[in-house]
Amino acid sequence: MATKPTSRAQARIDMNREIMRVGREQLAEVGAAALSLRAVARELGIVSSAIYRYVASRDELLTRLIDDAYNSLGDAVEADTAATADERAEARWVSAALTIRSWALDHPHEYSLLYGSPVPGYAAPEQTAVSGTRATRALVAIVADARRNRQLATRRSAPIDVGADLAADFATLRSAVDLDVDDTVVLDVLIAWSQLFGLVSFELFNQTRGVVTHHEALFETAARRLAGVIGLS
């Protein structure tokens with residue numbers, strides 16, 4: 001049976017939750033670069049010095065917000081890949097890609113924090129690498145499952161020679177994500193991953209104005225095309 005937090009511990013949990021809520025509101029209202037602990041404290045109705053009992057600095061709050069956003073995206077994509085586990089690899093890839101787009105449209109300010117312009121003077125600590133790779137690992141897992149389930153096309157042409165430096169990078173990546181494919185497939189997965197997020201960013205940051213009006217159709221068609229480039233069936 002779980003131990004119930006003391007009233008003091010619960011009050012701290014509640015205050016941290018409120019700090020995060022107001023922090024997200026600040027992202028929407030003024031952007032990450034203008035995030036201010038003083039403004040958060042003012043919104044919460046506490047003196048500015050009191051907030052430092054819960055968060056040490058603006059950078060720590062940014063890190064918490066980044067971790068929270070990455071985990072929210074990761075939760076969404078992992079839930080989708082679990083729900084489509086019995087489907088063909090191409091369908092799973094497209095579904096996961098659409099989930100990424102939907103999350104971004106539902107959380108535009110959090111997406112901008114993760115994939116928009118860097119915040120001046122802030123460098124995300126190493127701890128965000130775990131949450132930050134969850135969505136990507138879910139996409140890679142679809143390719144790994146496809147390889148095991150014989151839903152990854154066998155290439156007729158010889159693998160691309162990516163050079164010694166990239167080959168070393170790809171070997172490390174394969175080991176980290178348990179992906180038993182050649183360098184050409186790794187390259188295709190990396191290109192597909194970057195293009196999916198690039199399409200989301202172009203839409204969210206209004207870079208396709210006057211070019212495309214049916215964004216979901218473009219994104220789904222592109223995701224399906226990228227699945228084909230990788231060799232998912």
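From the N terminus on, the elements run α-α-α-α-α-α-α-α-α-α. That is 10 helices and zero strands, where helices (H or I, at least four residues) and strands (E, at least two) are DSSP runs numbered from the N terminus. This is a predicted model, in which local features need pLDDT of at least 70 and side-chain atom pairs count only at pLDDT 80 or more, while totals for chains, interfaces and linings use all residues. Residues are numbered from 1 along each chain as its sequence is written, and side-chain values use heavy atoms, with hydrogens and water left out.

**Whole chain.** Show the C-alpha trace, which spans about 65 × 55 × 35 Å along its principal axes. Of the 233 residues, 39% count as buried; buried means under 20% relative accessible area, exposed over 50%, and partly exposed in between (1.4 Å probe, protein chains only). Switch to a surface: the protein exposes about 13200 Å², and carbon and sulfur atoms supply 52% of that area. The areas come from the Shrake-Rupley method with a 1.4 Å probe, and for residues only the protein chains shown count as cover.

**Two domains.** Colour residues 1-56 as domain 1 and 67-230 as domain 2; these bounds come from an automatic or database domain assignment. Their centres, taken over C-alpha atoms, are separated by 32 Å. Six residues of domain 1 are in contact with six residues of domain 2, contact meaning heavy atoms within 4.5 Å. Among contacts in the protein between residues at least 6 apart in sequence, 73% join residues at least 24 apart.

**Helix α1.** Select residues 7-30 for this helix, which includes serine 7. Serine 7 is exposed, with a relative accessible area of 66%. Draw a distance from its C-alpha atom to that of alanine 50, 43 residues away along the chain: the separation is 18 Å.

**The largest nonpolar core.** Next, show Leu61, Trp93, Val143, Leu179, Leu196, Ile230 and Leu232, which touch the most other members of this 62-residue core. Helix α4 (residues 89-106) gives the most to it, with nine residues. Because domain 1 and domain 2 both give residues to the core, it lies between them. A nonpolar core is a set of buried Ala, Val, Leu, Ile, Met, Phe, Trp, Tyr and Cys residues joined through side-chain atoms within 4.5 Å.

**Threonine 99.** Stay on helix α4, where threonine 99 lies. This threonine counts as buried, at 16% relative accessibility. Leaving aside neighbours within four places in sequence, its contacts are Ala76, Val77 and Asp80.

**Isoleucine 230 and aspartate 188.** Centre on isoleucine 230. With neighbours within four places in sequence set aside, its contacts are Trp93, Val143, Leu152, Arg155, Val185, Asp188, Val189 and Ala192. Aspartate 188 is buried, with a relative accessible area of 11%. Not counting residues up to four places away in sequence, aspartate 188 touches Arg155, Val229 and Ile230.

**Two loops.** Select aspartate 178, in the loop between α8 (164-177) and α9. Its phi is near 55°, a positive value in a residue other than glycine, and aspartate 178 is exposed, with a relative accessible area of 56%. Then go to asparagine 206, in the loop between α9 and α10 (215-230). Phi of asparagine 206 is near 60°, also positive in a residue other than glycine. Asparagine 206 is partly exposed, with a relative accessible area of 42%.
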